[in-house]
Every structure is written in structure tokens, then in C-alpha cells.
Amino acid sequence: MIWDFQVQYIPLGGSGLTSLTNVQSVNVTAGREALIDNFSSARATITLRYPTGYVTPFTGLLPGAEIVITAKEQGTGIYNFQPFAGWVSDVSVDYGIPYSGGVGNADFLTITCETSLAKLARTSGNDYALAPDTVPNQVAAATTESGVTVESLRLSGKTASGVTISGSWADWLNQLAFTYAGRIIDTTNVYVTNYQPAVISNTKFSDTATVTEIKYDTVSFSSWGQNYYTQVTIDPTGFSPQVVSTGSVPFRNLTINTYNGSTSEATDLANWYLGNYKTPNLGLASFTVNMNDTNSQNLKALFDASAAVASWPTGIQVALDFRGTTYNCVIEGGSISATPDSAHMTFYVSAADLNAYLVLDDAVFGQLDYNKLGF
């Protein structure tokens, strides 16, 4: 195996990173699977053999202690990257009886971790009246009221409607992301983005990878049965619902609640969603990388391209070669499953067809009559 997964923590109220030993497994989940799913907090579960001699739980790992997971390349170390940074949310200890003769400690400690979006989800809006304003000003207000740092990326020119925050701040942020067909990136801070890819990456995945590509083990295609609609209703707060459709009844309807600043913006957004989802295509849905493959060292560049430190590369555009055909897609989320013997990374993606915006001078997202300028 060419990767080690280092787990470090900072005790609640303490300082300085300390490495955990005897780690048996690391599992990380981030982002979402489908393009129109809500975003939930990135999560990590870490299991380790409990150090011999401990009778009571390890008090350094109380909920709220900081956790950083680093994928460490066993060779030069120059390919290290961090797929997770967050906090302990729960700890459990299972004490066991060793086998006769003793074959090692039978006590296991399981650490469950979360990121800032989980904290935001537990923070009630308490009916806070968020005034109509630019997105950067609204997320600044959300930061002040929730106590969780929220930032916006590539949304400086956008204005959102006012709303009374009766649910959680995370509910509001997800609805704000859908207003701009955007994404949420979360780690120790939370970021909301617009519909454009954060980076049009040079990273390529392949079934016959060269030295500059990353080889994948499995790839899955699926029909857009759950992402196929002939009618779209955009229901913006403060304005009447806007409905667009194609074909004839019975319609397959998609309804999205948003914070558009006008009915014309809502109509443009409805047409954008309808243009993306009106055809029931078969598309690339996910693929898995065996991290024992040496080409997986190139994953560092992909994670480094993310808009936030120690986060999943959500919103990054990548290409995948499959039996002679290149498929372009955008990362929506994924997972890591690692033990001392093996490690696999799965990416959930949305096909380029479902990301219909125009990026000038780009071979994938710069084709007139196939892509839109936006909304």
C-alpha cells in the first residue's frame, strides 16, 4: 500500500496536533451523490485499537476536539493531501476479551467526526429577519448570527431576497445554493458557490492510465430517471412561483424553493433547469479508485485544487476515459474507505450535460447551442 492515513487531534481547549496510534480504519464521506440532492455535513469515522491499560475513555477526544486526517504517501511524502478536517461529534469504546493466549488488544475506540455544516444545521435561525442584500453580505450576517464561518465564492454580483430564518441556517444555505445551481463545500468553514466549476482541472481518470493519469477500478453509469423532468417550478421567497414546461401532460415536475431577487430571475432559472433535465439520458454517475495503484499519487493535485483547505474537491471538473470515449463531469461528492491493507476512493459526479453553462475558450463547457450563458 502506498498510502498511510494519519489521524491527528487537538484536545478540546488545547493546542498542537497529536497523532493517534493503532488506527485500524478510516472512512470519510463528503458532498452529495446527485446534482439536485441537498448537501449534508462531511463525516468521518475512525476506529483504532484502544491503548493497553486504559480503563476509562480517553478524555482528550471529547466532542468538540479538532480532527485532521492526512493521506500520507509512503515514498517521498510530496504527494500528501488532507481529505478531512473537522471536529469530534461522538466517541464510543467497545471493551473485549482477548483470545486465549493473547493476540493483541481487543478494545476498540470509534471516533465519529463532522464539519461546520453540521454545526450550522444545529443552529436555529430563531426567526431572524435576513434582509434582501448581496450574497456576500447575507453570508456575513449568517456568520454573525450562527457563530459558524460562512463564505461565498463567485457570487459577489448576486442579490438574494430577504427571508425569515425559521429553520436552521443550514436549510437556508442549501436553498441559497439551489438559487444559483451552486454547491456547498464544507470543512472548518462553509462555502457556497455558484454553478460554475471551481476549477477546470487537468486531472484525468482512465481505465488504461498513463503516468499522468489516475487509474480507476470500477465505473458506474445510470439513467437520469431521478433527474428527468418535463416541468420545472421555481418558487422564490417573496414572489409568485414560476413554471416552465415542455411536451404535454402528464408532466414530470421538479419544484425548487429559492431566494431569487425577481420573477424574471426565477423564470430564467426554471428554463435553465428544464434545459438540463428534459431528456432522459444515461450518464456517468460514479467511479472508484484503488489507492494502491501508484498513479493515485496524482490525487494530490485534485485535492489541492479545491476552493477550501482539507475539503473534498466538490465542484471540480475532471475527465474520465472509458473504453476509448472521454466523459467530462463535475465532482459532487464521494467517500474514502481505508484500512492498513487497502484504500479506495469513490467519486460521485454529474455529467457535463447537467452543467449547462458557457465557459469561453473551453472544449467542454464552451460550445454554443449546447451550453448556456447562465441565468
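Reader: In the hairpin of β22 and β23, which residue takes a positive phi?
Author: Bear in mind that this is a predicted model. Strands β22 (residues 316-322) and β23 pair in the antiparallel sense over six bridges, with D321 standing opposite T326. Two residues sit between the strands of that hairpin, and the one with a positive phi, near 50°, is R323.

Reader: And how many residues lie between the strands in the hairpin of β23 and β24?
Author: These strands run antiparallel, with nine bridges joining β23 to β24 (residues 343-351). A338 has A343 as its bridge partner in β24. The number of residues between the two strands of this hairpin is four.

Reader: Which residue in β23 is the bridge partner of V28?
Author: Strand β3 (residues 23-31) is joined to β23 (residues 325-338) by six bridges, and the two run antiparallel. For V28, the partner in β23 is I336.

Reader: Do β18 and β20 pair in the parallel or the antiparallel sense?
Author: Six bridges connect β20 with β18 (residues 231-236). One of the residues involved is V232, whose bridge partner in β20 is L254. The sense of the pairing is parallel.

Reader: Switching to helices, how many of the 11 residues of α3 are buried?
Author: The buried ones include W169, W172, L173 and F178. Helix α3 (residues 169-179) is largely enclosed by the rest of the structure, because its buried count is 10.

Reader: Is T123 buried or exposed?
Author: T123 lies in the loop between α1 (116-121) and β8 (128-130). Leaving aside neighbours within four places in sequence, its contacts are S146, G167, S168 and W169; W169 is also among the buried residues of α3. The relative accessibility of T123 is 16%, and the cut-off is under 20%, so T123 counts as buried.

Reader: How far apart in sequence are the parts that F81 and F303 tie together?
Author: These two rings form a stacked aromatic pair, 4.5 Å centre to centre with 25° between the planes. F81 belongs to strand β6 (residues 81-94) and F303 to helix α5 (residues 299-304), so the separation is 222 residues.

Reader: What is the angle between the planes of F205 and F287?
Author: F205 sits in strand β15 (residues 199-206) and F287 in strand β21 (residues 282-290), 82 residues apart. Both of them are buried. The pair is tilted, at 4.6 Å centre to centre, and the angle is 55°.

Reader: Which residues do ring pairs link into a cluster?
Author: The pairs of F81 with F303 and of F205 with F287 have come up already. Their residues belong to a cluster linked by ring pairs, whose members are W3, F81, F205, Y216, F287, F303, W312 and F347.

Reader: Last one: what share of the 375 residues counts as buried?
Author: The chain has five helices and 24 strands. It exposes about 16,400 Å², with carbon and sulfur atoms supplying 49% of that. As for the residues that count as buried, the share is 50%.

Definitions and conventions. Residues are numbered from 1 along each chain as its sequence is written. This is a predicted model: local features need pLDDT of at least 70, side-chain atom pairs count only at pLDDT 80 or more; totals for chains, interfaces and linings use all residues. Side-chain values use heavy atoms; hydrogens and water are left out. Buried means under 20% relative accessible area, exposed over 50%, partly exposed in between (1.4 Å probe, protein chains only). Accessible areas come from the Shrake-Rupley method with a 1.4 Å probe; for residues, only the protein chains shown count as cover. Two strands pair if DSSP finds at least two bridges between them. Contact means heavy atoms within 4.5 Å. Rings of Phe, Tyr and Trp (its six-membered ring) pair if their centres lie within 6.5 Å; planes under 30 degrees apart count as stacked, over 60 as edge-to-face and the rest as tilted.
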